[in-house]
Amino acid sequence: ACCACGGGLRNPTTSPSPTSSPSLHPTSSPTASPTYIQWTPVASKGTFYDADGNVDANQFRTIWASSPNQILHRKCRDCVSSHQDIYYRRFDGVGGLPSNLDLLDTVKNNWFDSPNNTFNVDFKLYSSYDDALNDINAWTFCNFDDPGVGFPRDCGPTGEVTSQWNSFVNWGGQLNVGFYVETPTTGPACSDLTVNNGESWYSSIGYNCAWYGENDCTLSDLSEKFGLVASVACCACGGGLRNPTTSPSPTSSPSLHPTSSPTASPTYIQWTPVASKGTFYDADGNVDANQFRTIWASSPNQILHRKCRDCVSSHQDIYYRRFDGVGGLPSNLDLLDTVKNNWFDSPNNTFNVDFKLYSSYDDALNDINAWTFCNFDDPGVGFPRDCGPTGEVTSQWNSFVNWGGQLNVGFYVETPTTGPACSDLTVNNGESWYSSIGYNCAWYGENDCTLSDLSEKFGLVASVACCACGG
């Protein structure tokens, strides 16, 4: 959420990157030797697939025996926000897993409560690693015993939540999931994320984490691939799979921005907020129709970006590009109300004539991979109704005049700026993001951005929310 921690809303640029790269890791060590944990992969598929991270039952039992707090972490890319990260903690004490419990198969394929998997007796579920460590805010609902349906069936923080389960023996359930066991390590570690063929992530223009780490991590913001950019996929850019620690952070902080500038003056764009609600709410980012028209007139490529926190992956970022040419928006089109509340194709909003939709900013700039399906004309239903990349996708629309549709959305217009800019993300009360232990982006930027990995708040950590941490 915070710019100082690698998050925030960044401004893409295609200008040359600085010749010197930022140092993303402190060079001085803590005075006391920290105790780190690492997340050892044990089962994975889809975008989380790791060729070395799918173990058998015996290997799993060996790995589990080393877990200091008996914690298993499931990541799910396309789940609703409450289920993107779940922490399963057991309380077996000395001796580890019961001999008659195949926990690996239980979470992968057959989520049963017997043998020895009784909710809130043998194990508890949590929404964060910090909660699991401290045994606080445990989930209150769980169900079991549907053969072929894996973790967590319909378990939820306060009640039933359907369709978030996985299976490794059939094609039902969530497709992009990974399971990781908390294990000890003698020092910090971070692994670049792998993609669905087991290779390390690379961008849509073919560059990998090593290249972005040596050049400019933010350049990948224009070249998303597999739903990822460098700030999420690459250790050198503040992402990757990191090992949390509660030890003191180094006394000196990394330099998160190069000190040398590009030789040529770059042309930047910024994303100016025009409508927002829920976790994207910005008190200064809800404009009226006249203000919107003024902002839109400055957009170099006539592009509007919608972000949606809880949408399916294809709809979390949508780019709407118009082709009006000289003169800007038609005078009879209230585009702001059209996208907020009343997604109509008239006046002057004809699909693939007046505008096109894309899944990435790079696609919109180059007019490639445009979406092929769109529908309209349901009063009170805003953008994008059931429009989809290749066909109808329901329930992803928003409305600012009723309580239907997606609740956590923001709209941003592409506008020019004379230099790089980044704003720390705000949360649902309009305040700047802060972690579950009360520290803000400034603190993480001055100390250690990765410390917030243990203290998620509002579904965010510093590497996503803070400019100084790569977000």
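In this predicted model, Lys124 and Asp135 are joined by a salt bridge between their side chains, with an N to O distance of 3.2 Å. The two residues lie eleven apart and link distant parts of the chain: Lys124 belongs to strand 6 (residues 123-126), while Asp135 is found in the loop between helix 3 (129-134) and strand 7 (177-185). Lys124 is partly exposed, its relative accessible area being 22%, and Asp135 is likewise partly exposed, at 33%.

This pair is one of ten salt bridges in the structure. Another is formed by Asp92 and Arg90, whose closest N and O atoms are 2.6 Å apart. Arg90 is buried, with a relative accessible area of 1%; because the limit for a buried residue is under 20%, this value falls within that class. Arg77 also takes part in a salt bridge, with Asp78, at 3.0 Å between the closest N and O atoms. Arg77 is partly exposed, with a relative accessible area of 27%.

Five strands form an open sheet in the order 10-14-11-12-13, paired in antiparallel fashion. Strand 10 (268-277) and strand 13 (355-358) each have a single partner strand and therefore stand at the edges, with one side of each left without a neighbour in the sheet. From one strand to the next, the twist averages 25°.

Within this sheet, strand 11 (residues 303-308) and strand 12 (residues 317-322) run antiparallel and are joined by five bridges. His305 stands opposite Tyr319 of strand 12. Helix 6 (residues 289-297) packs on the sheet, where it touches strands 10, 11, 12 and 14. The direction of helix 6 makes about 45° with that of strand 14 (409-417).

Key
Residues are numbered from 1 along each chain as its sequence is written. This is a predicted model: local features need pLDDT of at least 70, side-chain atom pairs count only at pLDDT 80 or more; totals for chains, interfaces and linings use all residues. Side-chain values use heavy atoms; hydrogens and water are left out. Two strands pair if DSSP finds at least two bridges between them. Helices (H or I, at least four residues) and strands (E, at least two) are DSSP runs, numbered from the N terminus. Axes are lines fitted to C-alpha atoms, for helices over the stretch in contact, and angles run from 0 to 180 degrees between N-to-C directions. Contact means heavy atoms within 4.5 Å. A salt bridge is a side-chain nitrogen of Lys or Arg within 4 Å of a carboxyl oxygen of Asp or Glu. Buried means under 20% relative accessible area, exposed over 50%, partly exposed in between (1.4 Å probe, protein chains only).
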